[in-house]
Amino acid sequence: MIILGVDPGLRRTGFGAIEVQGARLRYVASGTIVVPPALPLHGRLKVILDNLREVARDVRPDQAALEKVFLNANPASTLLLGQARGAALCALADCGLDVQEYTALQIKKAVVGTGRASKEQIQTMVRHLLSLDGEPAPDAADALACAICHAHCAPLAGRLQALAPETLSTGRRRLRTGRLVS
């Protein structure tokens with residue numbers, strides 16, 4: 001199974017693809033879509049849309065994972081980032097991909113083991129987990145980390161979803177954001 005991870009951004013959108021074979025992860029491709037800042041907003045969103053479509057067609061992933069964005073200190077920046085995420089989601093959906101979303105905290109915990117990991121720690125762990133010769137660029141490393149997070153979390157989420165109807169019918173437990181809670 002090939003997973004395409006995306007770290008959306010209005011200036012730089014990272015992408016990374018990995019192949020999952022059982023518990024083994026193998027690097028497929030990664031890079032950064034650099035969006036020209038001189039373009040108007042709709043032009044920048046189109047660059048993200050078109051380039052992610054092309055990446056998805058070239059890599060031919062089975063699933064996609066995208067980083068969720070939370071409210072930053074600057075609401076205008078958050079809104080612009082949300083529009084970049086929308087362009088990325090549309091590109092992936094247009095290619096017929098099922099897209100799962102993960103928070104930065106979930107991604108960092110899945111890859112590094114702590115939610116307070118730095119960009120450098122993520123790059124180092126991505127390099128280690130995928131046996132790369134060098135450290136990937138920061139945006140590409142974030143996208144590869146998102147794909148790795150999905151590779152680690154998706155099997156459990158699938159099992160929980162399969163158990164959910166009988167487990168949840170007792171009324172004592174429920175499924176919340178992919179976790180079984182009492």
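These legends accompany several close-up views of the predicted model shown above.

**A note before you start.** The model is predicted, with local features needing pLDDT of at least 70 and side-chain atom pairs counting only at pLDDT 80 or more, while totals for chains, interfaces and linings use all residues. Residues are numbered from 1 along each chain as its sequence is written, and side-chain values use heavy atoms, with hydrogens and water left out.

View 1. Helices (H or I, at least four residues) and strands (E, at least two) are DSSP runs, numbered from the N terminus. Among the 182 residues, 41% are buried (under 20% relative accessible area, with exposed over 50% and partly exposed in between; 1.4 Å probe, protein chains only). Contacts are heavy atoms within 4.5 Å; of those in the chain with a separation of 6 or more, 55% join residues 24 or more positions apart. The chain exposes about 10,000 Å², and carbon and sulfur atoms supply 53% of that area (Shrake-Rupley method with a 1.4 Å probe; for residues, only the protein chains shown count as cover).

**View 2. Asp7 and Asp139, listed under "binding site" in an unreviewed UniProt entry.** The two span 133 residues in sequence, yet no two of their C-alpha atoms are more than 6.6 Å apart, so they gather at one spot. UniProt positions are given in the numbering used here, feature names are shortened, and annotations may be inferred rather than shown by experiment. Look for Asp7 in strand S1 (residues 2-7) and for Asp139 in helix H5 (residues 138-168). Asp7 is buried at 9% relative accessible area, and Asp139 is buried as well, at 15%.

**View 3. The surroundings of Asp7 and Asp139.** Neighbours within four places in sequence are set aside for both residues. Asp7 then touches Arg12, Thr13, Gly14, Glu67, Asp139, Asp142 and Ala143. For Asp139, the contacts are Asp7, Arg12, Gly14 and Thr32.

**View 4. A salt bridge between Arg12 and Asp139.** A salt bridge is a side-chain nitrogen of Lys or Arg within 4 Å of a carboxyl oxygen of Asp or Glu, and by this rule the count comes to seven. Here the N to O distance is 2.9 Å. Arg12 belongs to strand S2 (residues 12-21) and Asp139 to helix H5, so the pair ties together parts that are 127 residues apart in sequence. Arg12 is partly exposed, with a relative accessible area of 41%, whereas Asp139 is buried.

**View 5. Asp94 and Arg53, joined by a salt bridge at 2.8 Å, N to O.** This pair links distant parts of the chain, with Asp94 in helix H2 (residues 75-94) and Arg53 in helix H1 (residues 41-59), 41 residues apart. Asp94 is partly exposed at 46% relative accessible area, and Arg53 is partly exposed at 22%. Widen the view to find a network of salt bridges linking Lys46, Asp50, Arg53 and Asp94.

**View 6. Arg85 and Glu101, whose closest N and O atoms are 2.0 Å apart in a salt bridge.** Arg85 sits in helix H2 and Glu101 in strand S5 (residues 98-102), so to speak distant parts of the chain, 16 residues apart. Arg85 is buried, with a relative accessible area of 13%, while Glu101 is partly exposed at 32%.
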